[in-house]
Amino acid sequence: MAGATIYDVAARAGVSIKSVSRVLNGEANVSEALRRKVEGAVAELGYRRSLSARSLAGSASSIIAALVDATLTIEHWRSGRGNDYLSRLELGLLMECRQADHHLMVELVDYDAPTLRQDLASLLTAIRPQGVVLTPPNSDNDVVLEVLSELAVPFARIGPETAPDLGVRIRMDDAGAAEQITDHLLDLGHVDIAHISGPAAYSASRLRRTGFEAALRRRGLTPRPEWVAEGQFTFGSGLDAAERLLGGPRRPTAIFAANDDMALGVLQAAAARGLRVPHDLSVAGFDDTPSAVFSTPPLTTIRQPVAEMAAAAAQRLIPLLKARLDANDGLEEVIVPHSLMIRGSTSQPA
């Protein structure tokens, strides 16, 4: 069977994925009957594991795999703007992996693919990571969590919203940060504030919108549905959303975008309309990417501690792997602090 996966082997042998994984990994305490079933299914299907994975299995060093969103990562690179989130994530993980004599491997995962289960199972069987770090939206993807649990691969989750009993959990207070930056705009005197949210698949998008609306309601203001537009965490989507928001019959005096790339799109849309930032329109973002510092004017934003969250994930996952402990027993959640960076893109309304 061409392209047979570990799921095909499990189905043919009539055993669980975890049982197949135990046999393939040469674990102790595997019965002879189970071993014969799995090896027979492997032979019948022509299932093959990668030679590189087999050689790595005997190495003194171990692999930590970071699974990141394929669609957004590719879109960022195609746009020519790069991906600061991925760079900071890699930095935080690499520093900890290096100290612990582990290797880091970054893999793209298409969480929306109909073949996600099979693709992920094949990937994990091929590279055989000792542990996995999940980034949004994979952190909350039921299929991803199920496959990792079935294959008994310990994992840490960055920015999780669901399943509090699974994995090492590291996050920032997205809702609180969005509430804080909205409070900043309100304190300046803005009451007509619009919001560009991120894609619905990301829990951070929902949490940041929740914080934005909570700040408005606390000041006695009712969020206006027509002043909320959904973007895709990309410059182009921020530009499109800003053009819609600024082209309505009543223009907001401030726009809070759920990430910096979309906020930079707002700056361009404002300039195209002859609006001066911040005199005519205040603009706030979220992330504190390098572009936020070098934009004109520099962007008021939330510093998302990506590298720090990645480092915290590795710091808590690697010791569990070395001690051969189960990392998926609902360990205490770690919340990494953020910072409000006030710069020249926000001021009192004219």
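**Notebook: strands, sheet and cores**

I began with Ile193: neighbours within four places in sequence aside, I found Ile193 in contact with Leu185, Leu186, Phe212, Leu216, Trp227 and Ala254. Contact here means heavy atoms within 4.5 Å.

I noted that the model is predicted, that local features need pLDDT of at least 70 and side-chain atom pairs pLDDT 80 or more, and that totals for chains, interfaces and linings use all residues. Residues are numbered from 1 along each chain as its sequence is written, and side-chain values use heavy atoms, with hydrogens and water left out.

**Entry on the cores**

I looked up the largest nonpolar core, which has 41 residues; Ile193 is among those with the most contacts inside it, as are Leu89, Leu93, Val133, Ile158, Ile170 and Phe256. A nonpolar core is a set of buried Ala, Val, Leu, Ile, Met, Phe, Trp, Tyr and Cys residues joined through side-chain atoms within 4.5 Å. Buried means under 20% relative accessible area, exposed over 50%, and partly exposed in between, with a 1.4 Å probe and protein chains only. I then listed elements that give two or more residues to this core, including strand 1, helix 6 (84-99), helix 9 (174-187) and helix 14 (306-322). Helix 14 gives the most, with 10 residues. A second, separate core of 36 residues includes Leu34, Val42, Ile127 and Val132.

Helices (H or I, at least four residues) and strands (E, at least two) are DSSP runs, numbered from the N terminus.

**Entry on strand 1**

I checked strand 1 (residues 62-69) and found 8 of its 8 residues buried, so this strand is largely enclosed by the rest of the structure. Strand 1 runs parallel to strand 2 (residues 102-109), and 8 bridges join them. Within strand 2, Val106 is the bridge partner of Ala66. Strand 1 also runs parallel to strand 3 (residues 131-134), joined by 4 bridges; there, Val132 is the bridge partner of Ala65. Two strands pair if DSSP finds at least two bridges between them.

I traced an open sheet of 4 strands in the order 7-6-8-9, with parallel pairing. Its edge strands, strand 7 (228-230) and strand 9 (282-284), each pair on one side only. The twist averages 15° from one strand to the next. Strand 8 (residues 254-257) is joined to strand 9 by 3 bridges, and Phe256 stands opposite Ala284 in strand 9.

I saw that helix 10 (residues 203-218) packs on the sheet and touches strand 6 (193-197), strand 7 and strand 8; the direction of helix 10 makes about 165° with that of strand 6. Axes are lines fitted to C-alpha atoms, for helices over the stretch in contact, and angles run from 0 to 180 degrees between N-to-C directions.
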